[in-house]
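Dear colleague,

Please find below the structure that I am handing over to you. My notes on what was found in it follow directly after.

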There are 2 protein chains.
Amino acid sequence: MKQLKNILLDIKKLESAASVLHWDQETYMPEGGGEFRAEVLAYLSLMEHQMATGQKLKDELSLQINYNSGDLVNITLNDEEKRMVELIRKDLKKRIALPDDFVEEMSKHTSATQQAWAKARKAKDFSIYTPFLEKMIKMKKQEAEYLGYKEKPYDALLDGFEPGMTTASVEKLFGGLKKRLVKLVKEINKAKQIDDSILQQSFDTDEQWKFGIKIATAMGLDMKHARQDVSTHPFTIGFHPEDVRITTRLNDKMLLSGLFSTIHESGHAIYEQGLPKKQFGTPLGEAASFGIHESQSRLWENLIGRSREFWEYALPILKGHYPQIKEVKLEDWYRMVNVVKPSLIRVEADEVTYSLHIMLRFDIENMIINGDVKVDDIPALWNDKMEEYFGIRPKDDSEGLMQDVHWSFGGFGYFPSYAMGNLYGAQIMEQAEKEIPELWKKVSKGEFLPLKNWLNEKVHKHGRFYDPEDLIKVISGAPLSPDPFMNYLEKKYTKIYNLK
Amino acid sequence: MKQLKNILLDIKKLESAASVLHWDQETYMPEGGGEFRAEVLAYLSLMEHQMATGQKLKDELSLQINYNSGDLVNITLNDEEKRMVELIRKDLKKRIALPDDFVEEMSKHTSATQQAWAKARKAKDFSIYTPFLEKMIKMKKQEAEYLGYKEKPYDALLDGFEPGMTTASVEKLFGGLKKRLVKLVKEINKAKQIDDSILQQSFDTDEQWKFGIKIATAMGLDMKHARQDVSTHPFTIGFHPEDVRITTRLNDKMLLSGLFSTIHESGHAIYEQGLPKKQFGTPLGEAASFGIHESQSRLWENLIGRSREFWEYALPILKGHYPQIKEVKLEDWYRMVNVVKPSLIRVEADEVTYSLHIMLRFDIENMIINGDVKVDDIPALWNDKMEEYFGIRPKDDSEGLMQDVHWSFGGFGYFPSYAMGNLYGAQIMEQAEKEIPELWKKVSKGEFLPLKNWLNEKVHKHGRFYDPEDLIKVISGAPLSPDPFMNYLEKKYTKIYNLK
């Protein structure tokens with residue numbers, strides 16, 4: 001086992017080095033450094049791939065488990081070790097399932113498609129993107145065949161983001177969600193909109209930065225092992241639990257965007273810092289899934305960061321940074337940070353309409369990968385669904401199906417994780433409310449550590465020991481359901497918008 | 001040749017990745033990230049070493065040149081290619097000369113020694129450092145034996161910094177330098193000191209930063225392919241000619257330190273940016289030597305940055321940043337930035353006394369490596385030489401022999417490069433003055449590109465095609481001599497200090 005773990009740790013070191021280079025690329029790299037940086041990253045990725053599929057790893061693995069049957073060879077393994085070799089085997093099988101020339105072609109086609117997407121988006125001209133997307137879809141279908149699946153091809157892709165999740169299980173969850181969510185959105189749309197004109201001022205970005213760091217620190221993000229920088233798109237990246245980086249985007253005209261981005265990324269970063277260090281390098285030291293990761297960011301951003309109790313604590317602090325809002329009342333502020341408004345752009349969506357954006361994308365991906373949709377028909381499909389879900393229609397494809405980067409890097413199956421994050425987050429929070437005495441009273445005093453420590457214990461420390469569907473059962477005693485999320489939304493927004 | 005170059009390029013990619021990690025470590029890494037970072041860097045360095053000494057490289061090399069005899073196998077090679085395979089062979093021989101267990105022990109002992117040095121320096125207690133330095137010296141002598149030399153063991157170490165340089169040639173150069181330099185310092189010491197009390201104010205560091213970037217840009221540092229950050233000790237690091245990073249240190253009480261540090265590092269960075277891109281990865285794409293590198297930084301820092309013409313251009317700009325100095329006259333300012341004062345600390349030394357610090361270190365290293373000095377005797381030796389060269393004596397060893405990090409990382413043979421940089425720089429500049437029409441008039445108008453382009457052409461573009469001793473002949477038509485440097489100093493400081 002020692003040998004096996006050492007090989008994995010070496011692979012992880014390469015991955016960690018590559019992560020530093022990615023981080024630098026998005027934060028500080030001078031414009032002209034990009035060309036060679038891409039070559040270095042491609043080389044590190046090739047080396048990592050070679051090691052992760054190499055004979056040395058296979059030999060060590062085969063001392064523990066039978067690669068083909070999955071039967072244990074070393075019967076002295078404890079539960080953690082069993083799960084570990086099982087995951088190594090699973091990851092290895094996936095890596096090996098794709099032929100080398102397919103991987104190489106995919107890598108090249110991804111670069112080309114991303115460039116075409118950026119160009120097409122800028123020119124608002126879908127036809128530039130069409131042939132690239134067409135080939136990408138064809139290759140992703142091929143990839144699903146290589147990877148294998150039980151029922152639907154899309155299952156193979158979903159598994160890369162939410163292990164164990166299938167088209168059928170997503171359909172079931174989203175089905176339960178959709179009815180209640182669409183109803184809620186309709187009711188809110190009929191209600192009187194909240195006046196948030198006070199937010200349309202200029203808010204000094206240095207003060208945004210300072211306030212954000214204060215909140216992140218209060219949340220329990222360990223700044224001795226983390227830092228924040230600025231980038232075009234906010235993200236979190238962990239090199240090791242002891243070195244996690246977050247970024248934010250600051251705009252003096254968008255106070256809430258910068259603030260909630262810091263809270264969101266801090267949620268991700270607290271997860272990364274809480275992963276089990278002694279398992280670092282092995283699959284057990286990794287996050288459980290994209291959806292679980294997203295649950296941690298959204299829980300902090302929305303369930304905490306958009307709660308009345310949070311602002312009971314934070315509004316006086318914010319007023320210290322911005323005398324211009326010193327007259328604002330808590331109740332009004334609370335409503336302003338919870339404005340719900342149908343919008344065309346996913347990343348700007350509020351917590352209520354956000355999941356609708358995801359369902360739309362899931363519907364279309366499902367049709368594309370499991371069915372047979374002509375690429376030329378996707379724009380109309382997208383726009384019709386926008387009309388159906390939101391009652392609004394994009395002016396052009398750049399604010400329609402070309403708004404997201406995901407398809408251009410082949411990330412079919414990624415989107416559902418975002419909505420899963422909402423569902424996991426609400427279900428986890430429901431349990432936290434039961435187990436942490438006076439949780440909300442603590443939040444209102446800025447005492448976030450009880451929640452942070454509880455999440456460390458219940459979610460983070462398990463790493464990838466459980467598949468997400470098992471993890472949620474271990475935490476909450478029940479399988480994933482849309483009910484906690486919808487209960488939360490309905491209760492909250494009925495009050496905010498005076499629905500009946 | 002294509003195959004051989006590809007292997008070298010892959011090695012370079014690993015090296016470049018490691019450089020990004022080093023840069024991050026010195027600039028942005030959170031405190032707690034150091035432990036794992038050290039492991040990643042050690043692993044990258046191991047992989048690089050394995051590739052750089054691996055069979056694949058040897059096989060490809062042996063198709064071009066006979067590894068043992070150095071005879072060409074591929075007789076169709078052009079001059080550049082011949083030089084390239086010669087350098088690859090030389091580097092490989094050096095790498096292989098050191099047994100793996102020696103390299104590993106040295107790596108461990110270096111870490112331990114650096115820690116002991118930092119501790120001893122802080123405690124001002126040389127005895128903490130003694131046993132580590134003792135072992136380090138023993139190992140460096142062993143290393144010299146492994147590497148081989150013709151005359152003196154120290155030659156083997158010198159060659160790592162200044163290829164072709166020997167104890168004898170350094171002795172000869174420094175001998176010529178010493179007489180004139182000591183005389184000049186004595187005369188300056190007797191002269192009336194310049195009043196630079198105006199510099200003892202607080203100078204806003206943001207303005208220092210802005211001014212520094214302006215100057216670096218004017219010098220021709222291509223900021224699309226470079227950037228500046230802040231670190232404890234200023235340095236330059238190139239990941240590729242298209243991505244070069246410099247750092248500076250800013251202190252509101254030390255205006256000149258921040259400014260000249262930016263000019264110095266920009267000189268290094270312009271060299272890095274000017275290395276031949278098409279040779280990137282091969283030895284021909286590298287710098288000629290540490291001394292030549294240092295010549296570029298010092299030429300810009302001192303010969304340009306401390307000239308009257310430079311300040312004719314730059315002082316009005318600086319006054320724009322600092323109204324508090326708007327009454328200062330050019331002549332007074334020029335004298336203030338050229339104050340000469342014997343000091344204990346090398347890195348704070350002016351351009352006149354700097355080389356004396358180096359000669360002192362060379363004397364001692366020479367005795368240590370070529371002779372047989374007891375470690376316990378080094379402090380007294382150091383202090384006596386300080387007295388001899390500067391007429392001052394350190395209070396304790398932290399401002400004596402423990403001030404520099406070099407010995408603790410085994411950098412015996414490094415110091416002479418710094419003084420070589422002064423000599424090369426002055427000799428190169430003498431030639432530039434001959435070849436660039438109205439150079440100083442251009443400098444006085446802030447037109448630095450003629451000089452920068454000339455340096456690109458005469459120095460940078462050659463990479464490592466010439467050994468430094470040949471390069472200087474190609475540029476100036478004469479072997480390296482202390483005369484241009486001393487002529488420059490004597491002429492300049494005779495005026496500044498009204499010597500006769």
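How many residue pairs are in polar contact between chain B and chain A? In this predicted model, the count is 7 residue pairs, both residues at pLDDT 80 or more. On the side of chain B that touches chain A, the elements giving two or more residues are α1 (2–27), α2 (34–52), β1, β2 and β3 of chain B. The largest share, 10 residues, comes from α1(B).

The contact involves 37 residues from chain B and 37 residues from chain A. Together the two chains bury about 2900 Å², with 68% of it on carbon and sulfur atoms. Lys13(B), Phe36(B) and Tyr43(B) supply 22% of the area that chain B buries against chain A, more than any other three residues. The interface also holds 4 salt bridges. Arg37(A) and Asp243(B) meet through their side chains in a salt bridge, at 3.5 Å from N to O.

Turning to the sheet in chain B, its 3 strands form an open sheet in the order β1-β3-β2, with mixed pairing. The edge strands are β1 and β2 (236–240), each pairing on one side only. On average, neighbouring strands are turned by 20° against each other, direction ignored. Helix α10 (residues 255–274) of chain B packs on this sheet and touches β1, β2 and β3 of chain B, its direction making about 165° with that of β3(B).

β1(B) pairs with β3(B) (residues 243–248) in the parallel sense over 5 bridges, and Val230(B) stands opposite Thr248(B). β2(B) and β3(B) pair in the antiparallel sense over 4 bridges, with Thr236(B) opposite Ile246(B). Strand β1(B) (residues 226–230) is largely enclosed by the rest of the structure, because 4 of its 5 residues are buried.

With kind regards

Note on methods:
Residues are numbered from 1 along each chain as its sequence is written. Chains are lettered from A and ligands numbered from 1 in the order in which they are written. This is a predicted model: local features need pLDDT of at least 70, side-chain atom pairs count only at pLDDT 80 or more; totals for chains, interfaces and linings use all residues. Side-chain values use heavy atoms; hydrogens and water are left out. Buried means under 20% relative accessible area, exposed over 50%, partly exposed in between (1.4 Å probe, protein chains only). Two strands pair if DSSP finds at least two bridges between them. Axes are lines fitted to C-alpha atoms, for helices over the stretch in contact, and angles run from 0 to 180 degrees between N-to-C directions. Contact means heavy atoms within 4.5 Å. Buried area is the accessible area (1.4 Å probe) that two parts lose on being put together, summed over both. A polar contact is a pair of N or O atoms within 3.5 Å; within protein, one must be able to donate a hydrogen and the other to accept it, and residues adjacent in sequence count only if both atoms are side-chain atoms.
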